[in-house]
Amino acid sequence: MSKFASGDVVTLKSGGPNMTIKHMEEDLGDVIGVQITCTWFDKSKELQHAIFGENMIEKPSGPPMPFSV
């Protein structure tokens, strides 16, 4: 069972923008573990998405970053 859920706000352990978990999928072979699809807006306000392993992300430790339009 994952410590994350769809809709959670996370960030990469190596840093970067806050992202929202869109979808989670268990790896059937249990080689990779949980595959997590995250979405976020880049600096040009383009919607981005990528798939990360559960061990690559964490919940942000500080206050949420402000969003400006």
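## A hairpin loop to start with

K45 is found in the loop between β3 and β4, where strands, like helices, are DSSP runs numbered from the N terminus (at least two residues of E for a strand, at least four of H or I for a helix). K45 is not a glycine, yet it has a positive phi of about 65°. The hairpin of β3 and β4 has five residues between the strands. K45 counts as partly exposed, at 42% relative accessibility; on this scale buried means under 20% relative accessible area, exposed over 50% and partly exposed in between, using a 1.4 Å probe and protein chains only.

## What kind of model this is

This is a predicted model, so local features need pLDDT of at least 70 and side-chain atom pairs count only at pLDDT 80 or more, while totals for chains, interfaces and linings use all residues. Residues are numbered from 1 along each chain as its sequence is written, and side-chain values use heavy atoms, with hydrogens and water left out.

The mean pLDDT of the protein is 85, and 80% of its residues reach 70 or more; pLDDT is the predictor's confidence in each residue, from 0 to 100. Confidence is lowest in β2, with a mean of 92, and highest in β1, at 96. Where pLDDT is low, the predicted coordinates should not be read in detail.

## The sheet

There are zero helices and five strands here, and along the sequence the pattern reads β-β-β-β-β. The strands form an open sheet in the order β4-β3-β2-β1-β5, with antiparallel pairing; two strands pair if DSSP finds at least two bridges between them. β4 and β5 (57–58) stand at the edges with a single partner strand each, so one side of each is left without a neighbour in the sheet.

β3 and β4 pair in the antiparallel sense over seven bridges. Across that pairing, I36 stands opposite F52 in β4, and W40 stands opposite Q48 in β4.

## The core

The largest nonpolar core has 10 residues: F4, V10, M19, I21, V34, I36, C38, W40, F52 and I57. Such a core is a set of buried Ala, Val, Leu, Ile, Met, Phe, Trp, Tyr and Cys residues joined through side-chain atoms within 4.5 Å. β2 (19–26) and β3 (34–41) each supply at least two residues of this core, and β3 gives the most, with four.

Leaving out residues up to four places away in sequence, I36 touches F4, I21, H23, M24, A50, I51, F52, E54 and I57, a contact being heavy atoms within 4.5 Å. Also in β3 is T37, which counts as buried at 15% relative accessibility. Over the protein, buried residues make up 26% of the 69 residues.

## One aromatic pair

A search of the whole structure finds one aromatic pair. Rings of Phe, Tyr and Trp (its six-membered ring) pair if their centres lie within 6.5 Å, with planes under 30 degrees apart counted as stacked, over 60 as edge-to-face and the rest as tilted. The ring centres of W40 and F52 are 6.4 Å apart and their planes are at 40°, so this pair is tilted. W40 is in strand β3 and F52 in strand β4 (residues 47–53), so to speak a link between distant parts of the chain, 12 residues apart. W40 is buried, with a relative accessible area of 17%, and F52 is buried too, at 11%.

## Links across the chain

One salt bridge turns up, taken as a side-chain nitrogen of Lys or Arg within 4 Å of a carboxyl oxygen of Asp or Glu. The partners are the side chains of K59 and D8 (3.8 Å, N to O). K59 lies in the segment after β5 and D8 in the segment before β1, so the pair ties together parts that are 51 residues apart in sequence. K59 counts as partly exposed, at 47% relative accessibility.

S14 sits in the loop between β1 (9–12) and β2 and is exposed, with a relative accessible area of 72%. S14 and M56 are 42 residues apart in sequence and 8.0 Å apart in space, C-alpha to C-alpha. Among contacts between residues at least 6 apart in sequence, 32% join residues at least 24 apart.
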